[in-house]
Amino acid sequence: MDLADRFDAFRALADRRGRPGVRLIASLADAAAASPARPQAWAPAVAAQRGLPAAAGLGPATFYADLAAGRGRRHVRVCTAAACFAARLGGHLPEVEQALGVTAGAVRADGEVSLQAVRCLGYCYAGPACLDGDAPRTGPDVADQLSGRAAPRAPQIPAADATGDPVVLAGITGACGPWRVWPETVATRTPEQVRAEVAASGLRGRGGAGFPVAAKWAAAGRSPDTSPDTVVIANGDEGDPGSYADRLLMEADPARVLEGLALACFACQARRGVVLVRSEYPRALERMRAALQDAYADGHLGRAVHGSGAEVDVEVVEGAGSYVAGEETALIAGLEGGRGCARPRPPYPTREGLWGAPTVVNNVETLAAVPWIVRRGGPAYARRGSSEETGTKLVCLSERFARPGCYEVELGTPVLRIVTELGGGPKEGTEFDVVQVGGPLGGFLAADRLDVPLTEAALARCGAALGHAGLVAFDRRARPEEVLRHVWEFAAAESCGACSPCRVGSRRGLEIVRAAGSGGPDDDDAAEYARLLRVMGEASLCAFGRRVPAAVRSLVRAYGDRLAGWDR
């Protein structure tokens with residue numbers, strides 16, 4: 001079979017699944033919602049309806065958390081991620097289990113209620129948090145809210161600009177409304193001019209990898225495949241515990257996200273865009289879909305946009321519950337209807353991505369900055385931030401801060417200023433021990449060592465990473481060994497299993513930490529622990545496995561003598 005025939009066969013398979021393959025995931029999600037049984041009972045039938053073997057349905061159905069969990073008529077998701085753990089040290093989970101009469105991961109005997117432990121719902125500023133169906137419940141009395149003994153509470157995200165001239169929060173603060181840039185751009189500019197402005201801005205991806213945006217766009221443009229097949233994906237699968245910036249943008253300013261996506265499609269000469277919204281964000285999904293309808297009604301999307309030659313069609317799809325599926329190759333695998341596992345690179349998605357087409361993946365915050373850059377010019381953006389890392393960043397502060405919320409700051413702002421001036425320091429009556437920066441794969445800083453510029457380079461010198469720039473504070477109530485165990489629990493639960501170093505290493509790391517308890521590892525376990533950290537860091541397929549060792553090492557450094565024995 002030659003190359004052309006191979007791609008024809010591949011696309012024929014895609015069509016049988018429904019193009020994009022997320023329609024297979026959607027069908028599996030519908031079947032999961034209708035049955036309390038595990039996927040083995042219904043996934044093969046869903047696959048058979050599409051002319052696929054049983055494995056094609058069982059693979060994703062047993063991988064994604066939303067599909068693998070049994071469901072009662074009332075399905076509750078309880079957050080056990082870092083910020084909610086720090087708020088109550090995990091004590092809210094047994095309280096919720098008692099209030100609902102069911103353990104996490106199970107369906108009550110009468111089939112009325114099911115409970116699922118998830119990692120992160122995006123209410124890090126008000127945790128601990130649950131979703132009762134699609135209705136949020138937050139606060140220390142979340143179990144009473146679920147049982148009806150307390151009134152439901154789910155505050156809006158506090159958001160503020162700390163730059164004096166917001167870029168990403170321009171619509172939320174009222175500085176600039178949406179769809180102001182797009183009509184003029186398609187009428188008067190070329191894709192090359194838009195790419196040039198973004199290149200001059202120095203904008204890098206805000207989803208954690210920090211890759212230059214213009215370079216990624218240009219790489220897709222250099223693909224030998226025809227440019228009309230190029231796809232641009234807005235990655236709204238914000239899974240880093242402690243970050244809720246993308247949720248804020250998709251809920252409060254969805255039109256700006258769509259405008260940024262449209263500009264990216266124009267710059268890449270792509271006719272098709274996709275917005276992936278994680279299932280843990282039902283309100284964001286609703287708002288994005290409503291904004292998409294408005295965009296078509298107002299003529300911003302479709303064929304011959306605003307009388308120009310531009311053609312952009314966008315669809316909004318829902319994720320199915322997986323942290324690693326936010327990694328771009330895993331995200332593409334999920335959109336194609338498969339398990340959300342990372343793929344080896346090369347080929348890179350800009351050459352061969354969704355269904356073999358050139359594919360650009362930018363996260364939501366990244367795209368929300370593009371309208372400002374195109375309107376005001378790349379050099380104006382480049383003057384913001386530091387000389388090495390330009391622009392602004394949304395920083396999210398967790399519930400342990402006196403003033404939690406989402407703040408737009410310039411890159412290079414000291415973390416200490418963000419913590420003390422914007423966040424107001426620790427909540428009254430508490431004292432910080434360590435602060436997690438950039439999510440579970442970011443790292444930890446000691447409370448007395450926060451005078452570090454908020455840049456990727458400066459944080460890397462401290463053993464941390466910028467990531468999504470969520471800050472989760474752990475106060476002195478949390479024992480260091482509990483925090484260490486919590487990091488490994490996240491790693492073991494969220495590893496996609498595609499490579500042995502991460503799959504085996506994350507589970508073995510958790511076993512060693514659990515067995516050691518508060519006493520630290522013995523010599524044999526310490527030697528094995530050091531080996532597995534080295535193997536995970538050097539041999540894991542994607543950044544998830546490679547970053548876990550750096551994160552746990554930074555935690556050990558931040559706690560110092562209080563985690564003695566784990567630094568060998």
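Predicted model: local features only at pLDDT ≥ 70, side-chain atom pairs only at ≥ 80, totals over all residues.

Modeller: Let's start with Glu259, which sits in helix α13, residues 254-268. Is Glu259 buried or exposed, and which side chain of opposite charge is nearest? Glu259 is buried, and the nearest side chain of opposite charge belongs to Arg256, 4.8 Å away. A salt bridge needs a side-chain nitrogen of Lys or Arg within 4 Å of a carboxyl oxygen of Asp or Glu, and Glu259 has no salt bridge.

So what does the Glu259 side chain reach? One answer is the backbone nitrogen of Trp179, at 2.8 Å. Another is the backbone nitrogen of Arg180, which lies 3.3 Å from a polar atom of the Glu259 side chain. Leaving aside residues up to four places away in sequence, Glu259 touches Pro178, Trp179, Arg180, Val181, Trp182 and Pro371.

Now for a look at a sheet in the model. Six strands make up an open sheet with mixed pairing, in the order β6-β12-β11-β15-β13-β14. The edges are β6 (159-161) and β14 (443-446); each has a single partner strand, so one side of each has no neighbour in the sheet. From one strand to the next, the twist averages 25 degrees. Helix α12, residues 245-252, packs on this sheet and touches β6, β11 and β12. The direction of α12 makes about 105 degrees with that of β11. Over at β14, 4 bridges join that strand to β13 (residues 432-437), and the two run antiparallel.

Notes: Residues numbered from 1 in each chain as written. Heavy atoms only, no water. Pairing = 2+ DSSP bridges. Axes fitted to C-alpha atoms, helices over the stretch in contact; angles between N-to-C directions. Contact = heavy atoms within 4.5 Å. Buried < 20%, exposed > 50% of the residue type's maximum accessible area, 1.4 Å probe, protein only. Lys, Arg positive; Asp, Glu negative; His and termini not counted. Polar contact = N/O pair within 3.5 Å; in protein donor to acceptor, adjacent residues only side chain to side chain.
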